[in-house]
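The sequence and the structure come before the entries.

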Amino acid sequence: MSLHDFEENECILTTQRHSPCIEFHTTGEERHGFQASQLLHYRLETEETTGHPPHKLTLGFGTADVILTGWRLDRVTAHVRDGDLLAVRTSTVRYAAFSQNKPQVASIIVTPIAEVRAG
C-alpha cells in the first residue's frame, strides 16, 4: 500500500515535497505516469459556451499530451506549477455532490505524440 492514497471524493493527490512523477488514472486500473521534468508546457482553457465542462487543461509532456476536462482545474495548474502534483483521477461522485472548492475531473485523455503527429 502506498503512503499516498486518494481521499474519498478527491480527484487530485498532492505532496508537501516536489514530486518527480505525475500519474494519471484513466479507465479501470490503467495508469499513465510521466516524469514531471518532462512537462514542456500546460494550457488552461475555458469552454463555458460549448455545454462541456468549463475547463480544459492540456499538459504537454515529451512523449504524450494529457487532456483533463472538468471544473476548477485552475487549482490543478497551481499544483503543476508548484511541482507537488502526484496523481489525478476522474471524479467518483455525481455533480450534485461536488465540493464548491475542490477540482473535479470529468475526463482524462492521454494521446502519445506519435498519434498527435499522425492525426
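What share of the contacts in the protein with a separation of 6 or more comes from residues 24 or more positions apart? I looked this up and found 55%, where contact means heavy atoms within 4.5 Å.

I note that this is a predicted model, in which local features need pLDDT of at least 70 and side-chain atom pairs count only at pLDDT 80 or more, while totals for chains, interfaces and linings use all residues. Residues are numbered from 1 along each chain as its sequence is written, and side-chain values use heavy atoms, with hydrogens and water left out.

**Elements.** I read two helices and eight strands in the protein, taken as DSSP runs numbered from the N terminus (helices H or I, at least four residues; strands E, at least two). From the N terminus on, I wrote their order down as β-β-β-β-β-β-α-β-β-α.

**Burial and surface.** I found that 39% of the 119 residues count as buried, that is, under 20% relative accessible area with a 1.4 Å probe, protein chains only. For the accessible surface I noted about 7500 Å², with 48% of it belonging to carbon and sulfur atoms (Shrake-Rupley method, 1.4 Å probe).

**Sheet.** I traced an open sheet of four strands in the order E1-E7-E2-E3, with mixed pairing, two strands being paired if DSSP finds at least two bridges between them. Its edge strands are E1 (12-14) and E3 (31-35), each of which pairs on one side only. I then looked at E2 (residues 21-25) and E7 (residues 85-89), which run parallel and are joined by three bridges; within this pairing, phenylalanine 24 has valine 88 in E7 as its bridge partner.

Technical notes: Buried < 20%, exposed > 50% of the residue type's maximum accessible area, 1.4 Å probe, protein only.
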